[in-house]
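Look at the chain below and follow the text through it, part by part.

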Amino acid sequence: MGHYEFMEKALEWAKVALNSDEVPVACVFVHNGEVIAEGMNDTNASLCGTRHAEFVAIEKILQKHPASIFEETDLYVTVEPCVMCASALRQLKIRAVYFGCANDRFGGCGSVLRINNDPSVDPPYRCFPGFYREEAIMLLREFYVRENSRAPVPRSKKNRELKHEFAPFDYTEYIESEEEFIELYGRQELHKWHDSVARKEHAKKRKTAPSVQPLN
């Protein structure tokens with residue numbers, strides 16, 4: 001199985017989470033090409049804010065394996081790990097993390113903080129984003145347009161619309177070269193890399209362009 005197939009399994013569990021009135025985030029841990037644990041958000045049912053998908057799966061793994069197994073294990077998760085989960089993964093010495101969409105509010109792997117590779121006593125780990133990114137985003141949007149009776153202050157969402165537009169994503173923040181991109185995502189997705197490079201070059205030119213002084 002490849003990266004997309006493992007992420008498909010995570011997405012299946014995210015759909016289960018959505019249908020269980022949980023924030024639709026889910027994951028699978030893969031060791032030697034086999035899924036050794038899966039997890040989905042369980043914060044609403046458990047009334048425990050730390051029961052994120054990663055923690056649920058980690059608990060299952062530690063019941064059967066020594067912590068050293070994480071050094072040769074990869075995580076596939078539908079949404080970028082939050083700061084808390086990113087820190088736990090680093091302490092466990094996870095080998096690599098593959099995620100679907102960015103976590104713009106709480107992301108610990110580049111969107112807000114870079115817990116995965118900032119200076120630390122624990123070894124860093126690589127993160128590879130964008131696997132079924134749009135599908136992961138749509139699951140989150142579906143959840144947030146629904147009524148949530150478990151919210152501390154329930155809000156009416158009858159006027160909210162399910163959007164289908166997606167902002168561009170910068171793969172150059174995570175992927176080191178075009179060759180690496182092709183190896184990870186396939187040549188059929190190469191336009192995403194070229195778009196990222198073009199946007200970055202355009203931003204660089206705008207930043208270095210001399211300002212025009214008004215004529216007196």
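A residue is called buried under 20% relative accessible area, exposed over 50%, and partly exposed in between, with a 1.4 Å probe and protein chains only. Because the relative accessibility of Val112 is 43%, Val112 counts as partly exposed. This is a predicted model, in which local features need pLDDT of at least 70 and side-chain atom pairs count only at pLDDT 80 or more, while totals for chains, interfaces and linings use all residues. Residues are numbered from 1 along each chain as its sequence is written, and side-chain values use heavy atoms, with hydrogens and water left out.

Val112 sits in the loop between strand E4 (96-101) and strand E5 (126-128); strands are DSSP runs of at least two E residues, numbered from the N terminus. Together with Val83 and Leu113, Val112 makes up a nonpolar surface patch with about 210 Å² of accessible area. Such a patch joins nonpolar side chains within 5 Å, from residues with over 30% relative accessible area and no salt bridge. The areas come from the Shrake-Rupley method with a 1.4 Å probe.

Now to the domains. Domain 1 covers 3-148 and domain 2 covers 171-206, with bounds from an automatic or database assignment. In the contact (heavy atoms within 4.5 Å), 15 residues come from domain 1 and nine residues from domain 2. About 940 Å² is buried between the two domains, 49% of it from carbon and sulfur atoms; buried area is the accessible area (1.4 Å probe) that two parts lose on being put together, summed over both. In domain 1, Tyr4, Arg126 and Pro129 lose the most area to domain 2.

Arg126 also forms a salt bridge with Glu180, with the closest N and O atoms 3.1 Å apart. A salt bridge is a side-chain nitrogen of Lys or Arg within 4 Å of a carboxyl oxygen of Asp or Glu.

How values were computed
Patches are made of residues with over 30% relative accessible area and no salt bridge: like charges are joined within 9 Å, nonpolar side chains (Val, Leu, Ile, Met, Phe, Trp, Tyr) within 5 Å. Helices (H or I, at least four residues) and strands (E, at least two) are DSSP runs, numbered from the N terminus.
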